[in-house]
Amino acid sequence: MTTSEAPPRRGRELRTRYTAADLRVLTEDEARRFVPDGAGDPQTDITVAWELLYRLEPELYDRLVSAERLHPGVLGWLPRDVERIVEVGAGTGRLTLELIDRAREVVAVEPAAPLRRLLDRKLARADHRCRVRVTHGFFDDLPVPDDCADVVVACSALTPAPGHGGEAGLAEMERVCRPGGRVVIVWPNNIAWLAAHGYRHESFAGEMFVEFASLEEAVELIEVFYPSAVTKVRRRGRREVPFEVLGINPPRDLAFKAMAR
Ligand SMILES: C[S@@+](CC[C@H](N)C(=O)[O-])C[C@H]1O[C@@H](n2cnc3c(N)ncnc32)[C@H](O)[C@@H]1O
């Protein structure tokens with residue numbers, strides 16, 4: 001390896017996987033949102049590391065989220081038989097693929113080009129691309145008109161931080177939702193913030209596991225994403241790992257607001 005080459009990433013945990021030099025992968029619009037003071041460091045700011053993961057190793061990210069399935073109660077709660085759903089921060093489609101049979105059109109907004117490509121590929125395989133429009137955009141500047149959607153939804157994407165939606169992002173989601181429609185935040189990370197904006201909370205009970213394809217896959221991914229849990233997971237020797245073992249809350253919650261008619 002020459003000195004100008006980056007150190008190999010394999011086996012490295014997310015917190016130390018990328019360096020400030022990797023920030024060059026961000027577009028101008030992305031850098032303005034994710035490293036607003038121009039001096040972000042993925043080794044001290046884990047949210048920046050996630051943004052680099054989406055752009056540098058989208059398949060690795062996709063392997064993780066494919067194992068983290070949403071609670072069936074959440075999927076059962078989401079409206080069906082509507083005209084249009086807008087999903088923001090669609091990623092590689094964990095929720096998008098569940099939405100395609102619920103609306104005449106689904107608009108999936110996703111800023112990271114490598115994730116959009118993976119999502120497009122999955123939709124093509126599922127032969128559903130005609131009903132889903134995958135498009136570039138950010139929470140705070142959604143590329144869709146006022147009042148155009150019956151449901152506007154984000155899953156594990158909106159946070160109170162301005163770069164990941166914040167006040168402006170929530171206001172944009174409400175702008176594009178028609179009167180009588182619903183804005184839904186699946187797997188919210190800050191229920192109190194949403195409650196202060198008039199959102200109601202639903203939670204679905206039951207034990208939940210991250211369902212890795214194999215024990216080997218579980219260990220490899222946990223070494224990267226949840227390294228403090230590796231010993232415990234090896235000791236359990238099972239491919240299904242309770243969310244609590246990884247120190248994360250399970251995807252059993254949603255918050256929603258019905259927009260006034
Ligand atoms: C943890 S992933 C979740 C992806 C997908 N919703 C899922 O549940 O699998 C967070 C997603 O939010 C997107 N994201 C981050 N900041 C965003 C922003 N400002 N506007 C829109 N999407 C954003 C990321 O690109 C990523 O796809």
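Predicted model: local features only at pLDDT ≥ 70, side-chain atom pairs only at ≥ 80, totals over all residues.
## An enclosed helix, α4

Helix α4 is largely enclosed by the rest of the structure, because seven of its ten residues are buried. The buried residues of α4 are Pro 58, Leu 60, Tyr 61, Asp 62, Leu 64, Val 65 and Ala 67.

What lies over them? The cover for the buried residues of α4 includes helices α1, α3, α7 (113-125) and α10 (215-225), together with strand β7 (209-211).

The structure holds 21 salt bridges. One of them joins the side chains of Arg 17 and Glu 57, with N and O at 2.7 Å. This pair ties together distant parts of the chain: Arg 17 sits in helix α1 (residues 14-17), while Glu 57 belongs to the loop between α3 (46-56) and α4 (58-67), 40 residues apart. Both partners, Arg 17 and Glu 57, are buried.

Within helix α3 there is another pair to look at. Glu 51 and Arg 55 form a salt bridge whose closest N and O atoms are 2.8 Å apart. Glu 51 and Arg 55 are four residues apart in α3, so about one helical turn separates them. In general, an α-helix has 3.6 residues a turn, so residues three or four places apart point the same way. Glu 51 is buried, as is Arg 55. Glu 30 also takes part here, linked with Glu 51 and Arg 55 in a network of salt bridges.

## A bridge between two strands

Arg 133 and Glu 105 form a salt bridge too, and their closest N and O atoms are 3.4 Å apart. Here again distant parts of the chain are linked, with Arg 133 in strand β3 (residues 132-135) and Glu 105 in strand β2 (residues 103-109), 28 residues apart.

Are the two partners buried or partly exposed? Arg 133 has a relative accessible area of 39%, so Arg 133 is partly exposed. Glu 105 counts as buried because its relative accessibility is 18%, and the cut-off for buried is under 20%.

## Two buried loop residues

Asp 22 is located in the loop between α1 and α2 (28-34). With a relative accessible area of 10%, Asp 22 is buried. Beyond its neighbours within four places in sequence, Asp 22 is in contact with Arg 9, Leu 52 and Leu 56.

Pro 251 occupies the loop between β8 (240-242) and β9 (253-258). Its relative accessibility is 1%, so Pro 251 counts as buried. Which residues does Pro 251 contact, leaving aside its neighbours within four places in sequence? They are Arg 69, Leu 70, His 71, Val 74, Trp 187, Met 208 and Phe 243. Pro 251 and Cys 155 are 96 residues apart in sequence, yet their C-alpha atoms are 9.3 Å apart in space.

## A positive patch on the surface

We finish at the surface. Lys 232, Arg 235, Arg 236 and Arg 238 gather there in a patch of positive charge. Lys 232 is part of helix α11 (residues 230-236). The relative accessible area of Lys 232 is 46%, so Lys 232 is partly exposed.

Definitions and conventions:
Residues numbered from 1 in each chain as written. Heavy atoms only, no water. Patch = residues over 30% accessible without salt bridge, like charges linked within 9 Å, V, L, I, M, F, W, Y side chains within 5 Å. Areas by Shrake-Rupley, 256 points an atom, 1.4 Å probe, with all protein chains shown as cover. Salt bridge = Lys/Arg side-chain N within 4 Å of Asp/Glu carboxyl O. Lys, Arg positive; Asp, Glu negative; His and termini not counted. Charge placed at Lys NZ, Arg CZ, Asp CG, Glu CD. Buried < 20%, exposed > 50% of the residue type's maximum accessible area, 1.4 Å probe, protein only. Contact = heavy atoms within 4.5 Å.
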